[in-house]
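My notes follow the structure.

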Amino acid sequence: MNATSVAVIILGYFLVLFVIARFTGKKADTDTFFTAGRQSPWYVVAFGMIGASLSGVTFISVPGWVGASKFTYMSMVIGYLAGYLAIAYILLPLYYRLNLVSIYTYLEKRFGFYSYKTGAGFFLISRIIGASFRLFLVAGVLQLAVFNHWGIPFGVTVTIAIALIWVYTLKGGIKTVVWTDTLQTMFMLLAVSITIIIIGNKMDWGFTEIVGNVKSSSFNKWFEMDVDKPNFWLKNFLAGAFITLTMTGLDQDMMQKNLTCRSLKDAQKNMLWFSVILVVVNLVFLSLGALLFMYSEKNGIPIPKDTDNLYPNLALNSLGPAAGILFMLGIIAAAYSSADSALTALTTSFCYDFLNIKKYPEAKRKKIKLITHIGMSVTLLIVILIFNEIKRDNVIKELFNAAGYTYGPLLGLFAYGLFIRKKLKWEIMVPVVAVISPIVTYLLVLNSEDLFGGYQIGFEKLLINGLFTIVGLLIITDWNSRDEELSAVE
């Protein structure tokens, strides 16, 4: 595909998003921006969350990861189900009972000021890193497909990408995101499904043969049985459960969509249906990855050193114009379905958790929201440019590595709050505990092979980090506090 064709596709796509934004942004105020008036249909939220959960990282990186990890990612995906059940029946009832806008307000009610600010601060760090990873990956594809041909630098590409998000989420906020995510999820799933059919046609395989050949291929290995490997199946399962619990259940970005549903029952239906569908969708992505590798081998196409580029290279250069168009629509949809909600959630968290926006009149609130929205956009731009200088390894692997360190303190804080019915004696020390825990975890991961006879710590570092946080909180616990003192929060 030539650069002009890709640019036309991008322009047309965003025109559709702007139309949706115009309708959803009518008569919008700051309450609409942050909560959508709590009137979102649960099935719309569920479908849109598929795209937000998968993102550009899944769209490109999971198929490319198949060559190294085969289908062992599925043991982590199965673990996701356990995490989603915990969110539906433990966290969502808590959030709805307390009528939260920012979920980190719970930490203030449960512990106090320092815990609240620590939790919100770690979310901001975690989400900025995660959103930057995702946007970096997609900006790289746009750079390859369009902007390199026009001599436009990468920094300008990223600026344009973020500016477009800023414009269409500016007024409607989370209400716009809920509806644009449904469109973006549809484009992404259509792109992957039809690309599989295109590869099948080029290999002279029908649907039954596609399924059979993927199933019988060397890639179809779901469970790594070597306990010393980082992707050992039990480690992957536990990591999947706790990654879901933290990166969805303790994440303002993902929970903000759920809290726009009309009731707790609707939010739980949304979570359960979404979790089951997500397992199937991830299997489809892995199957696409296997087909990409098989197609390359059959046609003598060299596998790129950075396997994140496998799908883009084949779609844009080898599989025909239809695959190229679908790929561009899919990658743009995948990127923006997660990035738009991330920007909105970052704005929401900073406004509520650090600027206490609810105490101001509406005119002042709009001004605060606007300035924060701009500030978060600039922050994402800076972090992406930094990541461009240090990027290494497969992006989805790097994303989960980062999550293990930044979400661990959140996991520990919420787990202690929910299951240990004591107050903290030295609550002012919570930020210290939250900083030390990831550092100790990092040192343990770095030396795990020497300490544990060759055992490599993988994605379970998130669980270890959370446990270290809980241990730190136990040290500063007031053991004389009584259960009834927490009744207002429980």
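These entries go through aromatic pairs, salt bridges and a surface patch in turn.

**Entry 1: the model**

I note at the start that this is a predicted model.

**Entry 2: aromatic pairs**

I searched the whole structure for aromatic pairs and got eight. I then looked at Tyr104 and Phe414. Their rings are edge-to-face, with 6.5 Å from centre to centre and 75° between the planes. Where do the two residues lie? Tyr104 is in the loop between helix H4 (73–97) and helix H5 (105–110), and Phe414 is in helix H17 (residues 408–419), so the pair ties together parts 310 residues apart in sequence.

I checked how covered these rings are. Tyr104 has a relative accessible area of 0%, so I log Tyr104 as buried. Phe414 is at 2%, so Phe414 is buried as well.

Phe414 has a further partner, Tyr106. I read 5.5 Å between the ring centres and 25° between the planes, so this pair is stacked. Tyr106 belongs to helix H5 and Phe414 to helix H17, so this contact links parts 308 residues apart in sequence. Tyr106 and Phe414 are both buried.

I also looked for a cluster. Tyr104, Tyr106, Phe123 and Phe414 make up one aromatic cluster.

**Entry 3: a charge over a ring**

I looked up Lys117. Lys117 sits over the face of Phe354, and I note 5.3 Å to the ring centre.

**Entry 4: salt bridges**

How many salt bridges are there in the whole structure? My search returned three.

I began with Arg127 and Asp251. Their closest N and O atoms are 2.7 Å apart. Arg127 is in helix H6, while Asp251 is in the loop between helix H10 (233–249) and helix H11 (252–258), so the bridge ties together parts 124 residues apart in sequence. Are the two residues buried or exposed? Arg127 has 4% relative accessible area, so Arg127 is buried. Asp251 is at 0% and is buried too.

Next I took Asp266 and Lys269. The closest N and O atoms of this salt bridge are 3.7 Å apart. Both residues are in helix H12 (residues 264–298); they are three residues apart, so about one helical turn separates them. Asp266 is buried at 14% relative accessible area. Lys269 is partly exposed at 31%.

Then I turned to Arg365 and Glu362. Their side chains form a salt bridge with an N to O distance of 3.8 Å. The two lie three residues apart in helix H15 (residues 362–390), about one turn of the helix. Arg365 has 15% relative accessibility. The cut-off for buried is under 20%, so Arg365 counts as buried. Glu362, at 29%, is partly exposed.

**Entry 5: the nonpolar patch**

Last, I looked at the surface. I found a nonpolar patch made of Phe113, Tyr114, Trp426, Ile428, Met429, Val432, Ile436 and Val440. Together these residues have about 720 Å² of accessible area. Which elements give two or more residues to the patch? They are helix H6 (113–147) and helix H18 (430–446). H18 gives the largest share, three residues.

I checked one patch member on its own. Tyr114 is in helix H6. Tyr114 has a relative accessible area of 34%, so I log Tyr114 as partly exposed.

Methods: Residues numbered from 1 in each chain as written. Predicted model: local features only at pLDDT ≥ 70, side-chain atom pairs only at ≥ 80, totals over all residues. Heavy atoms only, no water. Patch = residues over 30% accessible without salt bridge, like charges linked within 9 Å, V, L, I, M, F, W, Y side chains within 5 Å. Areas by Shrake-Rupley, 256 points an atom, 1.4 Å probe, with all protein chains shown as cover. Salt bridge = Lys/Arg side-chain N within 4 Å of Asp/Glu carboxyl O. Helix = DSSP H or I, 4+ residues; strand = E, 2+ residues; numbered from the N terminus. Buried < 20%, exposed > 50% of the residue type's maximum accessible area, 1.4 Å probe, protein only. Phe/Tyr/Trp six-rings, centres within 6.5 Å; stacked < 30°, edge-to-face > 60°. Lys NZ or Arg CZ within 6 Å of the ring centre and 35° of its normal.
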